[in-house]
Amino acid sequence: MKRSTIALSSGLCAALALVACGEGQQSSNDAQQTAPEAAVAKNVAPKATATESRGQQLLREAERSANVGRDLEARETFERALAAFRSAGDRTGEGRTLLAIGSLDRAMGQGERGRQLLAQADAVFVAAGDERGRADATFAMGELERAQFNNERARTIFDTAAEQYRALADWSGEARSLLGRADAERRLGLILNSRRAAARAVAIYTATTDAAGLTLARRTLGEVVGNYPDDFEAKRGEIRDQILAQQQAGEPLAEAQRQLELAEIERHTGQPEQSRERYGLSIALYREGRDVLGLIYALLSLADLERGIERFSEARKAYTEAQALLREIGDDEAEAHLLVALAEMDATMGDQRAVLARSQEINQRTRNRVGEAEGLIALGQIEQRAGNMEVAARNFATAYQILLSSDDEVGAAKALLATGALERQLGDAEASLDALVRARVVFEVTGYRLGEAWALRGIGETLAATQKIEAKVNLLMAAYWFETLGMEQRRRESVAAAEAIR
């Protein structure tokens with residue numbers, strides 16, 4: 001019985017906080033979600049004033065009853081407040097009261113009745129042109145659907161609420177909605193999305209210096225990270241089963257291929273240590289089986305991992321070994337890829353343009369369009385550093401089109417990432433933001449953590465002069481992803497950039 005009472009009271013607290021929002025321009029930090037299942041807010045009802053209407057007086061009386069668990073008494077008083085607001089033609093008061101009754105019904109287990117009342121509240125807010133009321137009604141509906149375990153619907157509704165609060169620059173409301181969405185996604189097994197939503201909430205509370213919200217958001221994020229495997233765990237399990245069968249059958253080369261596949265999953269989802277371990281097992285098996293082609297591929301893949309997270313010394317070791325093997329067998333495509341990688345890593349090496357030109361000649365001869373596009377991006381970045389912006393822009397645009405036509409979504413997003421950085425340097429913030437946001441969306445959908453981190457950082461840098469809080473949020477989210485990748489220097493840079501925004 002005690003457990004049930006606590007659940008009802010905590011669920012209702014969010015509704016009362018939302019009701020209070022409509023009675024003046026309160027700070028967006030006054031209401032904070034404090035548990036995965038319910039948003040809890042400061043609930044001390046303000047003292048009545050001489051100018052209060054009868055409806056407002058009744059509303060406050062109902063709130064006090066609800067706060068001490070007298071639910072039936074509260075509902076009756078809410079109904080009286082509703083009648084008073086309607087009699088006075090106060091649409092905002094009417095909407096706030098409908099919102100409170102609907103949320104109370106949800107807390108009392110009357111889901112369908114609460115759903116109808118919240119829909120009525122939204123309609124009243126639409127008629128009154130009250131956008132904040134609409135956002136609050138949407139959030140309350142998300143809480144109702146979550147309480148009913150309609151997780152997919154709750155996820156969609158919380159996402160809408162986050163957008164509505166964002167349009168109002170209500171950062172606390174957005175963060176609260178994101179935490180609701182994170183919980184719904186956790187229940188649905190969408191763990192990477194849940195992490196992303198919770199991480200943005202952490203970034204918002206950090207940027208707005210909201211200590212109470214930050215504590216909650218960190219707890220939510222920690223729970224998701226610490227207790228739930230990501231969305232690729234089923235695929236990992238399938239590959240592990242295959243590895244076990246191949247070990248029992250004594251098929252080391254077949255096992256090496258499976259280890260490579262597992263390494264690629266870990267690399268793509270931002271698990272560098274696990275990926276490195278699997279690449280190492282694959283390399284050892286290919287060596288044992290004297291499979292030179294497999295060994296070269298595994299070495300290049302390991303080197304690409306280390307290059308991406310800027311462990312350049314380790315990357316060079318793997319590239320050097322791969323290069324020695326390539327000279328023995330003459331694999332042109334692999335050599336072209338290696339040349340691009342070496343040129344990107346070492347700005348001091350000989351003539352980078354000549355190295356990349358050699359790579360492009362190989363790619364064109366072997367008709368390796370993806371390799372050619374990668375070379376164009378590398379050449380474009382060299383031209384950008386040299387101040388040849390038009391040439392750089394053409395290279396990036398051509399690379400994007402090639403990769404898009406080759407169905408390489410992540411590669412095309414990398415070209416957009418380069419375009420975004422170029423446009424920012426040229427002072428075209430709108431074009432920069434367009435390219436970076438498009439890149440971020442692809443990286444999010446594909447789960448490519450490293451690309452997402454760089455896109456978020458670019459967005460933050462582009463918005464720094466015009467949308468300060470949003471810029472900080474993106475930079476802090478980038479810092480979080482860089483941290484998960486072990487890129488401490490990039491994490492510090494991103495945090496410093498966020499802190500420098502005033």
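I start with accessibility: a residue is called buried under 20% relative accessible area, exposed over 50%, and partly exposed in between, with a 1.4 Å probe and protein chains only. This is a predicted model, in which local features need pLDDT of at least 70 and side-chain atom pairs count only at pLDDT 80 or more, while totals for chains, interfaces and linings use all residues. Residues are numbered from 1 along each chain as its sequence is written, and side-chain values use heavy atoms, with hydrogens and water left out.

Let me turn to two loop residues. Phenylalanine 149 sits in the loop between helix H6 (131-147) and H7; helices here are DSSP runs of H or I with at least four residues, numbered from the N terminus. Phenylalanine 149 has a relative accessibility of 56% and therefore counts as exposed. Its phi is near 60 degrees, a positive value in a residue other than glycine. Threonine 209 belongs to the loop between H9 and helix H10 (211-227). With 71% relative accessibility, threonine 209 is likewise exposed, and its phi, near 50 degrees, is a positive value in a residue other than glycine.

Next, the aromatic rings. A pair of aromatic rings is described by the distance of the centres and the angle of the planes. Rings of Phe, Tyr and Trp (its six-membered ring) pair if their centres lie within 6.5 Å; planes under 30 degrees apart count as stacked, over 60 as edge-to-face and the rest as tilted. Four aromatic pairs are present in the structure. In one of them, tryptophan 454 and phenylalanine 482 are edge-to-face, because their ring centres are 5.0 Å apart and their planes stand at 75 degrees. This pair links distant parts of the chain, 28 residues apart: tryptophan 454 in helix H22 (residues 449-463) and phenylalanine 482 in helix H23 (residues 468-484).

The C-alpha atoms of threonine 462 and serine 432 are separated by 7.0 Å, although the two residues are 30 residues apart along the chain.

A charge is also found over a ring: arginine 176 lies over the face of phenylalanine 139, at 4.9 Å from the ring centre. The criterion is NZ of Lys or CZ of Arg within 6 Å of the ring centre and within 35 degrees of the ring normal.

I come now to the interior. A nonpolar core is a set of buried Ala, Val, Leu, Ile, Met, Phe, Trp, Tyr and Cys residues joined through side-chain atoms within 4.5 Å. The largest such core comprises 62 residues, and Leu179, Ile377 and Phe443 have the most contacts inside it. Apart from it lies another core, of 26 residues, among them Ala263 and Ile283.

Finally, glycine 371 lies in helix H18 (residues 369-385) and is buried, at 7% relative accessibility. Its C-alpha atom is separated by 9.4 Å from that of leucine 403, 32 residues apart along the chain.
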